[in-house]
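I opened my notebook to look up a few things in a structure that is new to me. Here is what I wrote down as I went.

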Amino acid sequence: SLGSMNNSQISTVTQFVLLGFPGPWKIQIIFFSMILLVYIFTLTGNMAIICAVRWDHRLHTPMYVLLANFSFLEIWYVTCTVPNMLVNFFSKTKTISFSGCFTQFHFFFSLGTTECFFLCVMAYDRYLAICHPLHYPSIMTGQLCGILVSLCWLIGFLGHSISIFFIFQLPFCCPNIIDHFLCDVDPLMALSSAPTHIIGHVFHSVSSLFINLTMVYILGSYTLVLRTVLQVPSSAGWQKAISTCGSHLVSLGSMNNSQISTVTQFVLLGFPGPWKIQIIFFSMILLVYIFTLTGNMAIICAVRWDHRLHTPMYVLLA
């Protein structure tokens, strides 16, 4: 309620308060430990993928280059929100500066948009590999792959820049409390002392456009892939179609018809490399899997048993 306040009583907001996850101290410790472990293993897993693609020359192909860039994106996507969230668990004020809040806001949505476009490019890569296998090496060259990667980053960071700039220019006065664990668009605009309907509609329209277009393209690409695979008449053709899927490199080209038998199982080559690298990958993925299960089960149990968390946000989170 600011209607009765005069201009001298209204102060400009220089920081926001992120309430984060409510609950007693023990619940806070559980959430902190769980999120920290998942964050560490997310970083470790994605860095391992980047290093594997960087050091193994056999993985210097468009599919693995896209995968490494996607892992690099994931590292920054979680880093723009999780460290501040972890600090807030032990912070008494739970504050974030005005510029820090909008920096987090900008990177969160820009990296999310970039991720959508990366998924499109990866779907396009698989479409070429399966639907046009003979032309794939000449179309998906290293140069084209580099151009597509650059466009993903460029469009992702420019797509929301105008609407984010206008939100940044909005006047923010007290109160400054955000009932969230990150600086999101709706809680921020709700705190503005100026009308935000037009800016909000523009921002959500652009976001919906990006999400819907990329989703339609991804679904369309994999529909064409599925149709191509289903149109293959022979079991040998099925094997050759499946063999074009990146990591499923089953070499059947030199086999003649008399040597081909009906397939009852497939061979997944997984991550190439020596035995020591395999052990590292096994340990890393096993730990990530265990902590992912443990963390998500802890969230479900916390929401189930704590009646204070029986709100739409936490029900959706569970």
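I began with the largest cavity, and about 60 Å³ of space lies in it. I was working with a predicted model, where local features need pLDDT of at least 70, side-chain atom pairs count only at pLDDT 80 or more, and totals for chains, interfaces and linings use all residues. Residues are numbered from 1 along each chain as its sequence is written, and side-chain values use heavy atoms, with hydrogens and water left out.

For a cavity, I took a set of points on a 1 Å grid over the protein atoms alone where a 1.4 Å probe fits but cannot get out; lining residues have an atom within 4 Å of a point. Points are joined across faces, edges and corners, and the volume is the space filled by probe spheres set on them. By this rule I get 2 cavities of 30 Å³ or more.

Next I listed the lining of the largest cavity: Leu19, Gly20, Phe21, Gln28, Met85, Asn88, Phe89, Lys94 and Phe181. Helix α3 (residues 82–89) gives the largest share of that lining, 3 residues. Helices here are DSSP runs of H or I with at least four residues, strands are E runs of at least two, and both are numbered from the N terminus. By class, I noted 5 nonpolar, 3 polar and 1 charged residues in the lining. (Ala, Val, Leu, Ile, Met, Phe, Trp, Tyr, Cys and Pro count as nonpolar, Asp, Glu, Lys and Arg as charged, and the others, Gly among them, as polar.)

**Rings.** How many aromatic pairs does a search of the whole structure find? I got 19 aromatic pairs. Rings of Phe, Tyr and Trp (its six-membered ring) pair if their centres lie within 6.5 Å; planes under 30 degrees apart are stacked, over 60 edge-to-face, and the rest tilted.

I looked up Phe102 and Phe105, an edge-to-face pair at 6.1 Å centre to centre with 90° between the planes. Both sit in helix α4 (residues 98–131), 3 residues apart, about one turn of the helix. Phe102 is buried at 5% relative accessibility, and Phe105 is buried at 0%. (Buried means under 20% relative accessible area, exposed over 50%, partly exposed in between, with a 1.4 Å probe and protein chains only.)

Then I turned to Phe165 and Phe166: their ring centres are 5.8 Å apart and their planes at 70°, so this pair is edge-to-face. Phe165 is partly exposed at 47%, and Phe166 is partly exposed at 45%.

I also found one aromatic cluster formed by Phe16, Tyr77, Phe98, Phe102, Phe105, Phe108, Phe109, Phe168 and Phe203.

**A meeting along the chain.** Pro62 is in helix α2 (residues 62–79), and Gly142 is in helix α6 (residues 142–158). They are 80 residues apart in sequence, yet their C-alpha atoms are separated by 6.6 Å. Are they buried or exposed? Pro62 is buried, with a relative accessible area of 15%, whereas Gly142 is exposed at 59%. Leaving aside neighbours within four places in sequence, I see Pro62 in contact (heavy atoms within 4.5 Å) with Asp125, Tyr136, Met140 and Cys145.

Definitions and conventions: On a 1 Å grid over the protein atoms alone, a cavity is a set of points where a 1.4 Å probe fits but cannot get out, and a pocket is an open set with protein on both sides within 12 Å along at least five of seven lines; lining residues have an atom within 4 Å of a point.
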